[in-house]
Amino acid sequence: MSQFKLRGRVAARLGDNIDTDLIYPGRFLNITDREKTAEHLFELAYPELRARIRPGDFLVAGKNFGCGSSREQATAAVKYAGVGALIAASFARIFFRNSINLGLPVVVSPEAAGALAEGDEVEVDLIGGSVTRLETGEVFRAAPLDPRAAELLAAGGLVPFLKKKYAGRGWGA
Amino acid sequence: MGMTLAEKILARASGREKVAPDEIVVASIDLAMSHENADLVRKSFLEIGAPRVWDPERIVIILDHRVPAESERTAATHKAIREFVHSQGIRHFYDVGRGGICHQVLAENGHVLPGMVVVGTDSHTTTHGAFGAFATGIGATEMAGVWAEGHLWFKVPATLRILVQGEFPPWVSAKDLILHIIGRLGADGADYRAVEFDGPAVRTMTVASRMVLANLSMEMGAKVAFTPVDDTLLEYLEARTGRTIPDSPDFAPDPDAAYERVIEVNVSREVTEPQIACPHSVDNVRPLSEVRGTPVDQAVVGSCTNGRLEDLAIAAEIVRGRRVHPRTRLLVIPASQQILLEAIRLGYVQALIEAGAMINPPGCGPCVGVHQGILAAGEVCISSTNRNFVGRMGSKDSMVYLASPAVVAASAIAGEIAHPEEIVGEEVA
């Protein structure tokens, strides 16, 4: 399976307009260690949810996921809690860009967001633009990932992508 | 076919004749702003391994979210930022006591000019569309890339043009207008889009009020939001920069630009009374008359949306000679040190303090739910800030209503959500 085809289980379904304060409360913004942000994922709104996420699980949401603040900790918390991919009807633009930049696969699919249920085993094809429910074989259309975004995701995010470019030219070099 | 303002600026910044919606362009960045999350940017920047920031003159860093430091962890963050700024030769650094809220500080120090591409690690960076700049929020890692490279890719946004006709009725402000528009279009009504505000009602607005429109456009998902570049703005910029900025066709959309949608709003007819965004989303907007009488525990005047001098002026006018209701507390947070100083000079601070308000230091205050006015479970706050999400200002079981500074001040006096006319109509004790 290529790095653009991912399999996972839907750990939870969330509604529309899940904002960045619900994902990661403002009071924890002075935590700058990315891995540690996961400890506060959905802490105020859905405190029980984090424990249900197994490594590689998917989260499914409605429209405008990640609206609100530009806080990158919201993306980091989802990623380091072990989420393998986010599938939503739509994403707020800063959250979407943050996800690509941190190497978290994000899938825009109103069809899949409307149909998938908790516990479904799913395969997503980021480049081809599809989401498949494995038990029934149903295929839902998704927006294919922009080539620029795919390149960043393949590198593991913007930092590793640029790191290659600056290798040997940086601090102490 | 001509270009919208967003298209014009992106074409110029990417070295192209012409761009159209959905094209991807790589644009050079004129200004890169960060606040406390500069520490997060710094970490990613160091990981990338670029030798120096691309241009220290184009980076502005302003501490505002947690000033002065409320915890040891924040103090360490501030310290790391100071050391980085010093080591990279970044001169435009506004430390505790030297600035205020990042968007206000950029504006009042003349950092933003028409036609610029501005990125900030804060979603409300859209505010600077009030200065004719293509200004948008980005994340910290993306900013680290900008610090290294000096450019960034953008998808050219389609543009919504919002024409505001009519005249503002009494007690209806820019805040009420934009809340009405957000209520109409929804929290994702302008997602990924550029917004151009224009029309006679917009052109009569002060620069401070235009900033309210551009600022809150973020809450309907806008990537950027412009108000017109006209004499009002150019005079403001001249006063802030000490030089004349000649007007240019580059600062306005072409008359034959293509819009995704043109929306007309008649403020005289459609926004006849103050508007309130009710818990827990900014697009849950109702006219004041529907929520009047809701008891409030805390009232807040401040933030990058409504903490400017005209906001403090109206709040002071309403509370002058009156007392904040015994079961309510009023917090006032000037958006910057300059504004605080002016508000002292003009007597606003005295009027507010005599009425029983607490003046917080310039900064984001309780808006981000960190300090200086956190809400307990069950408490209700009316606030001139910009977000009322669950837990935004404290307990997940608290409620935040967003309103204009006039409505906030009136509600503080009444102890419940109130129309300013019922307060100023009463005799001063």
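1. A word on terms before we start: a residue is buried when its relative accessible area is under 20%, exposed when over 50%, and partly exposed in between (1.4 Å probe, protein chains only). Helices (H or I, at least four residues) and strands (E, at least two) are DSSP runs, numbered from the N terminus. With that in hand, the buried residues of helix 5 of chain A are R93(A), I94(A), F95(A), F96(A), R97(A), N98(A), S99(A), I100(A), N101(A) and L102(A). That is ten of its ten residues, so to speak a mostly covered helix by the definition of buried.

2. Some ground rules. This is a predicted model, in which local features need pLDDT of at least 70 and side-chain atom pairs count only at pLDDT 80 or more, while totals for chains, interfaces and linings use all residues. Residues are numbered from 1 along each chain as its sequence is written, chains are lettered from A and ligands numbered from 1 in the order written, and side-chain values use heavy atoms, without hydrogens and water.

3. Now the interface. Chain A brings 44 residues to the contact (heavy atoms within 4.5 Å), and chain B brings 53 residues. About 4,100 Å² is buried between the two chains (accessible area lost on being put together, 1.4 Å probe, summed over both), with carbon and sulfur atoms giving 51%.

4. Five salt bridges link chain A and chain B (a side-chain nitrogen of Lys or Arg within 4 Å of a carboxyl oxygen of Asp or Glu). One to look at joins E47(B) and R34(A), at 3.5 Å from N to O. On the chain A side, helix 1 (20–23), helix 5 (93–102), helix 7 (147–155) and helix 8 (158–166) each give two or more residues. Helix 5 of chain A gives the most, with seven residues.

5. Please also check the sheet in chain B. Five strands form an open, parallel sheet in the order 4-3-2-5-6, where pairing takes at least two DSSP bridges between two strands. Strand 4 (93–94) and strand 6 (134–137) of chain B are the edges, each pairing on one side only. Strand 5 (residues 117–120) and strand 6 of chain B share four bridges, and V117(B) has F134(B) as its bridge partner.

6. Last, where does G15(A) sit? G15(A) lies in the loop between strand 1 (5–13) and helix 1 of chain A. G15(A) counts as partly exposed because its relative accessibility is 38%. Beyond its neighbours within four places in sequence, G15(A) is in contact with A61(A) and G62(A).
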